[in-house]
Amino acid sequence: MSQLQGYSGKAKQLLERAGVKIGDEIRVVSGKGEMRGILMARYELAEPDYIVIKLRNGYNVGIRVADGVKVEKIADAEAPAFRPPPPPAMKPNLPRVAIVSTGGTIASRVDYRTGGVRAALSAADLLSIVPELADIAQISAEILFSVYSENLTISHWRAMAEKVNDLIRSGEDGVVIAHGTDTMGYTAAALSFALQNPPIPVVLVGAQRSSDRPSSDAATNLIAAVDTAANAPFGEVVVCMHKWHSDDTIAIHRGVRVVKLHTSSRDAFKSINAEPLAFRTKAGLVINDNRFNKRGSDNYQFSPTFDDRAMLVKFYPGMPPETLQILREKLRIRGFILEGTGLGHVSSSFIPVARQLVEEGVFIGMTSQCKFGRVNMYVYDNGRDLMRAGITPLDDMLAETALVKLMWSLGKLGENADREAVAELMTRNLVGEMNNRSMPTGW
Amino acid sequence: MIDYKAVGLKVGLEVHRQLDTSKKLFCDCPTEAVEGGKVVEFRRYLREAQSELGTVDPAAIFEAKKRKEIIYQANTGNVCLVEMDEEPPHPINREAVEVALIASLLMNATPVDEVHVMRKIVIDGSNTTGFQRTCIIAVGGSVRAGEKEIPIQTITLEEDAARIVEARRREAVYDLSRLGVPLIEISTAPVIQSPEEAVKAAKAIGDILRATGKVKRGLGTVRQDLNISISGGALTEIKGVQELELIAKVVENEVKRQLHLLDIAEELRRRGVRESDLVFSPVDVTEVFRNTGSKVVKRKLAESARVFALRLPRFAGLLSLEKWPGIRLGAELAAHAKAWGDVEGIFHTDELPAYGISAEEVEEIRKALECGADDAAVLVVSDEHSAMDALKAVLERAKEAIRGVPEETRAARPDGTTTYMRPRPGAARMYPETDIPPMTITQEYIESLRSRLPPTLEETAKRLQQKYNLSKQLVQQLIDQEVNDVFERIVEKYGVQPSVVAATLTETLTSLRREGVAVDELPTSLFEELFQLLKEGVFAKEAIRDILAWAAANRGRSVMDAVNALNVRAPPREELEKAIDELIAKNQEMLNDKKIVSRLMGDLMKVYRGRVDGAVLNRLLMERIEAARARG
Ligand SMILES: [Zn+2]
């Protein structure tokens with residue numbers, strides 16, 4: 001962090017001349033009078049030419065740097081110290097759970113001394129702040145990386161899969177991955193395909209309110225995640241987040257069925273075309289769907305390769321079909337997932353383009369932007385024509401999951417895989433991403 | 001009589017008042033409560049967040065220790081995801097900032113150049129986030145309390161907290177409707193030197209806030225906090241004094257409390273008690289009460305509680321010592337036990353035998369604790385965990401008694417006494433609200449506000465007197481009762497006689513209030529309807545009082561409903577004329593008698609009192625008599 005983070009222009013000059021840095025106690029004298037306080041970092045987006053100080057009563061105020069404003073150092077900064085309480089003692093008879101931190105709100109803190117955003121809190125810090133975890137499992141913790149989840153790529157998915165595979169091999173009873181929520185659904189799908197039928201639970205967990213606030217959902221989600229990792233009877237990749245606005249019930253979603261449906265609410269994650277696998281309430285874990293891979297099963301398959309030359313395209317009325325061709329040429333796309341309308345449609349103007357792409361060996365799969373329900377391209381003429389052009393309907397699979405599965409399929413089958421082989425893999429249910437029975441919702 | 005100068009009284013005031021803006025401070029919900037509407041109920045836990053400055057706030061530890069499950073009720077009529085802590089706050093409400101700036105300028109305070117919203121940690125559940133958003137709008141300035149200039153330290157804008165509905169043992173229920181309503185807070189320097197001066201200063205601040213024309217009125221819209229200390233005493237923060245008149249009493253009681261505690265400290269030192277003499281060695285004395293005659297102890301024991309006792313060496317006689325009514329060290333110990341230990345209360349030997357506890361039982365306890373004659377003992381009947389917490393709190397408080405007066409936060413009771421709430425919070429609990437960008441306040445904006453400052457209440461009073469030809473006294477009543485705005489709006493809108501509106505809003509309401517009629521809960525819209533219908537002649541002004549009483553007893557019903565229910569609807573003019581003509585015909589012989597008007601008026605009023613305005617009736621009667629005379 002710079003010694004004058006966020007400052008520029010006149011304000012920066014003035015502060016430099018006075019020889020002060022962030023955290024120093026200073027006196028600012030202006031035409032309006034004198035103010036004393038601790039120099040705070042400046043928000044990068046805020047207006048220039050203001051100095052922010054924290055007054056003795058704890059409040060921050062901004063002071064305009066006009067002509068004649070003087071700054072004087074009173075005292076040097078006190079070294080900032082985040083001193084988490086010592087982690088609680090481990091209980092040797094409990095299951096072993098590894099917490100792997102990858103970034104996101106659940107593992108971020110604001111530096112209150114300066115107001116700046118600080119590097120991720122270590123997973124060990126999380127443990128010391130949530131001492132309840134020590135009553136559930138023997139915790140080990142490590143930071144794999146610290147990335148905003150929108151910046152993740154397939155190489156991060158691979159690194160996560162490999163890390164979890166190592167932890168499985170080393171005999172952990174469960175793995176928890178602390179993750180930013182924005183793309184946690186994609187990562188959950190990626191790990192579901194990369195770590196098929198794992199012998200232990202692999203639990204992704206995030207927070208919609210940062211962990212530095214008293215109302216954060218980080219602790220309740222983390223406790224539920226560790227409990228799931230330690231004690232769930234299944235070996236599945238799952239996402240563990242609030243069921244609703246209340247803190248008392250946490251939903252455990254199947255990784256290939258879950259999507260973030262709200263920008264900010266604690267209950268942003270919902271299972272689509274499926275019920276959550278389990279819930280965690282005050283009474284403990286409650287299994288909600290008995291169809292799962294049992295903990296300790298021996299059909300585990302590790303396959304962490306992805307190919308990102310696949311694309312998810314959302315159709316809209318009037319969309320030019322050439323879009324697909326251009327993307328194919330520019331980005332050497334090997335496969336498309338279309339998010340069509342209703343039962344799985346795009347404009348009939350796509351038919352010639354689709355036919356040509358399919359002939360070139362490009363896989364085109366159809367999902368629905370309706371999110372709920374399954375595609376059925378037999379019902380209308382246009383659907384049948386689109387199928388005849390070579391577009392593959394993908395049943396009740398989530399569009400995002402279909403994209404990830406396509407990336408994984410392309411990686412698994414390799415550079416020379418033919419389209420039919422990709423289509424065969426894409427239409428075969430591997431880890432519960434497709435289901436032939438649709439259930440009523442909202443009851 | 002206490003000589004407040006001599007005891008070195010210093011009082012600082014914090015006046016909080018809700019602003020009457022159209023939207024809340026950090027979202028677009030209305031600030032008025034909405035009746036009906038869908039109510040969502042959800043549960044939350046709050047956790048203490050550790051301060052990055054390395055220190056932990058004593059107030060936060062206190063609340064964390066009492067961690068409760070919180071149930072929130074959200075009426076979607078005026079609560080959205082922001083109050084539910086499910087959506088980041090919207091940018092700060094500019095209307096509220098403007099009101100705060102106007103108030104600042106009226107107090108000659110200096111607005112800050114840039115407003116930074118902070119998070120003040122409050123984890124009792126009254127804020128869904130676990131913090132209250134607050135920001136400094138201006139610093140400095142002053143108000144006048146009589147002859148004295150009282151300096152202002154800060155003027156801040158903050159979000160009001162949720163209202164507690166119910167506090168259960170392990171749960172607290174809050175209603176979120178009030179959460180987020182803009183609240184202005186004016187803090188004075190601690191220079192106030194008497195109870196009367198504190199009242200004057202609070203009144204002066206209140207008057208300035210009201211001059212902005214943008215503050216809410218009525219129950220719960222004003223809260224005053226007091227910081228009180230005396231020489232040799234300690235700074236006590238007293239929260240939640242709702243009424244202006246109560247301020248003097250609270251100050252007086254706090255001075256007495258501190259003086260009493262200082263006396264006790266001196267006596268303890270005289271007795272040679274040292275803090276190291278106070279050791280935590282509670283004894284389980286449940287056996288003593290095996291066959292107790294005390295109903296309350298018996299009941300608790302049946303619930304499998306136990307009785308624990310703690311010795312307070314050489315405290316005998318000091319716990320019940322009472323120089324002023326209600327002010328006793330025993331009460332302080334009990335309040336700490338309740339606050340920290342989740343127990344119903346304590347017994348102590350100064351007040352025993354009593355409550356069915358016998359002298360023999362007391363003697364056995366003394367024996368069990370090896371109490372000397374000048375030792376006191378404290379008893380708690382509870383489960384072991386709570387009892388230990390309670391007795392530890394008692395012991396800590398007893399140690400403080402040797403030192404004198406502890407710094408703490410207390411809650412005001414409606415009778416002007418106060419009770420222990422929690423330790424005083426440190427500065428460690430204030431963090432930046434990173435979700436809200438800072439707001440700059442330009443010099444041009446300040447100058448434009450300065451050029452159009454609203455009149456003070458004094459100026460308003462003068463204007464009302466002249467414009468509506470009202471007595472000074474009546475205008476003062478309108479202003480004191482905070483109805484001058486309503487008065488003016490109604491007079492301007494409906495053209496009703498100003499004196500009638502003024503008398504209704506002051507004398508009529510005061511007298512109804514005295515009779516226990518809940519007139520303060522009547523909405524402004526009801527008064528508008530009242531005067532509109534009065535103007536239209538639907539009823540006579542004599543019926544106003546009964547209509548208001550009826551409306552207060554029948555919340556949600558209209559003035560028209562009241563008129564019908566009370567049968568005070570004025571008859572149509574033709575009917576009235578016919579009745580008068582018939583009356584004149586019956587008294588034909590008096591037609592040219594001067595007394596006919598007053599005579600017939602009396603007869604008419606017997607029939608129409610409350611339904612027809614006397615003046616209207618009088619005018620009509622004269623008209624018809626003239627007509628009859630003309631006909632000959
Ligand atoms: Zn709202």
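Start by selecting B:Asp375 in this predicted model: the residue is buried, at 5% relative accessibility. Unlike a buried residue, which has under 20% relative accessible area, B:Arg311 counts as partly exposed at 28%. The two sit 64 residues apart and link distant parts of the chain: B:Arg311 is in strand β16 (residues 306-312) of chain B, while B:Asp375 is in the loop between α7 (359-368) and β18 (376-382).

Stay in chain B and select helix α4 (residues 246-270), where B:Lys256 and B:Glu252 are four residues apart and therefore separated by about one helical turn. Their side chains meet in a salt bridge of 2.8 Å, N to O. B:Lys256 is buried at 15% relative accessibility, whereas B:Glu252 is partly exposed at 29%.

Move to chain A and select A:Arg374 with A:Asp395, whose side chains form a salt bridge at 2.5 Å, N to O. A:Arg374 lies in the loop between β22 (363-368) and α8 (381-388), and A:Asp395 in the loop between β23 (392-393) and α9 (399-413), so this pair ties together parts 21 residues apart in sequence. A:Asp395 is partly exposed, with a relative accessible area of 25%.

Now colour chain A by domain: domain 1 covers 9-75, domain 2 covers 96-302 and domain 3 covers 310-426. Between the C-alpha centres of domains 1 and 2 of chain A the distance is 42 Å.

Finally, show every salt bridge; over all chains there are 102.

Note on methods:
Residues numbered from 1 in each chain as written. Chains lettered and ligands numbered in written order. Predicted model: local features only at pLDDT ≥ 70, side-chain atom pairs only at ≥ 80, totals over all residues. Heavy atoms only, no water. Domains from an automatic or database assignment. Salt bridge = Lys/Arg side-chain N within 4 Å of Asp/Glu carboxyl O. Buried < 20%, exposed > 50% of the residue type's maximum accessible area, 1.4 Å probe, protein only.
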